[in-house]
Amino acid sequence: MRTLNLGILAHVDAGKTSLTERLLHTAGVLDEIGSVDAGSTQTDFLPLERQRGITIRSAVVSFTLGDVTVNLIDTPGHPDFIAEVERVLDVLDGAVLVISAVEGVQPQTRVLMRTLRRLRIPTLVFVNKIDRAGADGGRVLRTIADRLTPAIVPMGTARQPGTRDAGFRPYDGTDASFVATLTERLAEHDDEMLAAYVDGTALPYRRLHAELARRTGQALLYPVYLGSAITGAGIDELVAGLRELLPAAEGDSGGPVSGTVFKVERGPAGEKVAYVRMFSGSVRIRDRLPLPGAEPERVTAISVFDRGTALRSESVDAGRIGKLWGLSSVRVGDPIGAPHPEQQHDDGRDDDGDPVAARRRFPPPTLETVVVAHRAGDRGALHAALTQLAEQDPLINLRRDDVRQEISVSLYGEVQKEVIQATLADEYGIEVDFRETTTICVERPVGSGSAVELIGVPPNPFLGTVGLRIDPAPAGTGVAFRLEVELGSMPPAFFSAVEETVRATLQQGIFGWQVMDCTVSMTHSGYWARQSHSHGVFDKSMSSTAGDFRNLTPLVLMTALARAGTRVYEPIHRFHLELPAEALGTVAPALARLGAVPLASTVRGSAYLLEGEIPAARVARLQRQLPGLARGEGVLDCTFDRYERVRGAAPRRPRWDHNPLDRKEYLLQVVRRTGPRRGGG
């Protein structure tokens, strides 16, 4: 049996979870359709999801359509949880993009469609809610062609839209207008079709339909269906489209083991559970699987999805999605076995050990905040709880300041903050507050800088020699570590300690921001081998350890960084703003006051479309002001574009009050907790 791993994507409140319920009901998995408002849906299983009526974590359910097993993944629609969508994209065979027939194309819809097209994921579009007052299928189709892609093929039309009796009338081979439109679309991608179209030669509809399936599978055409997840209108036709137009996977179960972990959660006993999509081969209970940066671990249990739920199994085979137990070191984005061809441009993790960042589909979070426990005694429990949440969502980028005893997290928006707060209270019993949300800047080196500390030479307090040079690197290249010393000059564990500490130290540069886009070269190395006194007793105070290099490296690196100097760069967003033409006179001055730079403008009927750039720190203010400026009719879509150098005085990270050149002294505060180690005798 073939398998279709299908993602359901949409802007929040477009009805994708309701569509999931309807599909499960149509396939016979559910006897009764759940309600988002009532909190009774199959895929919104978290209490917080049921309370808020939104999807926060992706969820997998399974059903059968003829000879195809569909693993359906319901994803969040709110932009604050775009990271959940990102993790799903690597495992999809196809997608359904849901658009409301009332609200039409919304900001998140554009972001999702751009990504689906860039990744060439075969996609069907479902225009939902044709039974709602104000539904206008024709208008939405025109908007899709105008704002998302002109390569759409409407598969039918809505009857009586905006009423409870709304339905979907599918086109077929007897509809001359549809056949002509379909032939024209196909002719754009096939010379034979083009010749037939030019000559006016009629082609069999079966041939056209087969060619539509081929081009849909290549993500060159996007069939569009209209209907209602609530009433069931258009669902049978959509189901037929899933079965006939999207390419199901036929992986080689006998091939080399290759899969991807796209989700990690904790089981009832606190154990890690990894969700894995298998591309080839099979994983069986008791198999030992290698993981990046960890020793091979044994699979202790497996579940596969079947008819709406996960069932225990001896194995998970190519093309399927399964849950694996026993992998205590597993992280989101880890490859299982050999990397899938799309992932072979990296080693499974980025420069900071993040398995997701190198394949990032959406921009990283550009906001951060400090999490503060109400009770001082909860600090340890808070860090443990946030560590578990970071397993599920690595992009929250958990960070702890050991001197201030503060914990920071990265965010996409305020709703995500509220969800973290509620999760900590409900699941861990920890009440927290948040400091003011701030924009995340980055630092980049201005020039080159070097420093060295020699073993046995004051003021070096540790038993090791470390010399480092930091050089600027092209934007977007991250942090690279290089050796300019002989690999055999020290034990490998000491080199690993230096590299790991370099990456950790660069999380906070001279101004407190993460240092990006640089190359750190190790220019000097040295250690004292294992030594003992004359009576043969080993004395670790006379012998170098990895701890010496972990403690010494930050001191050397920050000296080199201070000599190189850094500049601070702030995130810049690209914005698309649609507003009534008459509102332009009030909106344009407001944009100027916020530092926004319009780059292009288009008149579209009575509407005006502005595109430009705005500092990320000003986006929230623009969102608050826009309803009043545009009389509630402005639609704003902002996405991260790049980092740009801050003009004027470089901003320091909030709560980072050290003198810019005293970062080394700050690190010494941490070092002094264990005391210096100098050899004697």
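**Figure 1. Aromatic pairs in the predicted model.** The structure holds eight aromatic pairs, and the model shown here is a predicted one. A pair of aromatic rings is described by the distance of the centres and the angle of the planes. The close-up shows a cluster in which ring pairs link Tyr171, Phe178 and Tyr205.

**Figure 2. The charged end of Lys263 over the ring of Tyr275.** In this view, a lysine and a tyrosine are shown together, Lys263 and Tyr275. The distance from the charged end of Lys263 to the centre of the Tyr275 ring is 4.8 Å.

**Figure 3. Arg312 over the face of Trp325.** Here the ring belongs to a tryptophan, Trp325, and the residue lying over its face is Arg312. Arg312 is placed at 4.3 Å from the ring centre.

**Figure 4. The second largest cavity and its volume.** Three cavities of 30 Å³ or more are found when the whole structure is searched. The second largest cavity, shown in this view, has a volume of about 60 Å³.

**Figure 5. The lining of the second largest cavity.** The residues that line the second largest cavity are Val105, Gln106, Pro107, Arg110, Arg147, His576, Leu577, Glu578, Leu609, Val635 and Asp637. At least two lining residues are supplied by each of α4 (107-118), β31 (566-580) and β34 (635-645). Strand β31 gives the largest share of this lining, three residues. Sorted by class, the lining of the second largest cavity consists of five nonpolar, four charged and two polar residues.

Definitions and conventions:
Residues are numbered from 1 along each chain as its sequence is written. This is a predicted model: local features need pLDDT of at least 70, side-chain atom pairs count only at pLDDT 80 or more; totals for chains, interfaces and linings use all residues. Side-chain values use heavy atoms; hydrogens and water are left out. On a 1 Å grid over the protein atoms alone, a cavity is a set of points where a 1.4 Å probe fits but cannot get out, and a pocket is an open set with protein on both sides within 12 Å along at least five of seven lines; lining residues have an atom within 4 Å of a point. Grid points are joined across faces, edges and corners, and a volume is the space filled by probe spheres set on the points. Helices (H or I, at least four residues) and strands (E, at least two) are DSSP runs, numbered from the N terminus. Ala, Val, Leu, Ile, Met, Phe, Trp, Tyr, Cys and Pro count as nonpolar, Asp, Glu, Lys and Arg as charged, and the others, Gly among them, as polar. Rings of Phe, Tyr and Trp (its six-membered ring) pair if their centres lie within 6.5 Å; planes under 30 degrees apart count as stacked, over 60 as edge-to-face and the rest as tilted. A charge sits over a ring if NZ of Lys or CZ of Arg is within 6 Å of the ring centre and within 35 degrees of the ring normal.
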